[in-house]
Amino acid sequence: EALRRFKAKLGAEHPETLIAMNNLAWAYQAAGRLSEAIPLVEQTLKVRQVKLGTDHPNTLQSTADLAVAYQDSGRLAEAIALHEATLKVRRAKLGPDHTETLTTLSYLAKAYGDSGKTGEAIKMAEEAAQGFKARLGPQHPYTLQALSNLARFHLADRPAQAEAMFREVLDVRERTMPDDWRTFESRALVGQALFAQKKYAEAEP
């Protein structure tokens, strides 16, 4: 309804209309309605590319949003291409240690991991985790998430290393956000790492 009002009053390509369209797309995506979210993000990106240019921050955000939507829907090749394009521009415009650059790198690492390119994914995840730690500190939520993402890649082949990383994340989350769902997730991930090492008694909740 809000999007229809913006379109009627301001036009389909007005910046406020595009924001409303993007917000609706995120709502659909959060609800798992990717088939409805993706066309909205694609349309937003197309307009911003024409109106603002491909390197404008708003256009880059739409590119990143579409990459995540593609990634969530399993369209990994398309997601990787968009993440790589976004990363290239953000590194050039913002620098390699900017939080938006590191966020893009984290998403790209996950997409590579999901597509079976584990070696490349680990390198990217390590760079992202180190970058967030240097930029934001070891206890920042972004740093903790990046470290947890890196640990996931090691679950299969280096479960002891993964356990140490998961425990580091869990320690901070238990102290700073004890009732948050991410803390419960961290406990479960520690359990998975213990189970992978055949430490079944310790893995029991």
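**View 1. Phe 132, a buried ring.** Phe 132 is buried, at 3% relative accessible area (buried is under 20%, exposed over 50%, partly exposed in between; 1.4 Å probe, protein chains only). This is a predicted model: local features need pLDDT of at least 70, side-chain atom pairs count only at pLDDT 80 or more, and totals for chains, interfaces and linings use all residues. Residues are numbered from 1 along each chain as its sequence is written, and side-chain values use heavy atoms, without hydrogens and water.

**View 2. The pair of Phe 132 and Tyr 142.** The structure holds 2 aromatic pairs (rings of Phe, Tyr and Trp, its six-membered ring, with centres within 6.5 Å; planes under 30 degrees apart are stacked, over 60 edge-to-face, the rest tilted). Here the centres are 5.7 Å apart and the planes at 70°, so the pair is edge-to-face. Phe 132 sits in helix 7 (residues 118–136) and Tyr 142 in helix 8 (residues 141–154), so the pair ties together parts 10 residues apart in sequence (helices are DSSP runs of H or I, at least four residues, numbered from the N terminus). Tyr 142 is partly exposed, at 45%.

**View 3. The pair of Phe 195 and Tyr 200.** This aromatic pair is edge-to-face, with 5.0 Å centre to centre and 65° between the planes. Phe 195 is exposed, at 52% relative accessible area. Tyr 200 is partly exposed, at 43%.

**View 4. Helix 6 (residues 99–114).** Its buried residues include Leu 102, Leu 105, Ala 109 and Tyr 112. The buried residues of helix 6 pack against helix 4 (57–72), helix 5 (76–94), helix 7 and helix 8 (contact means heavy atoms within 4.5 Å). Just after helix 6, Gly 116 takes a positive phi of about 90°.

Notes. Helices (H or I, at least four residues) and strands (E, at least two) are DSSP runs, numbered from the N terminus. The expected span of a helix is 1.5 Å times one less than its number of residues.
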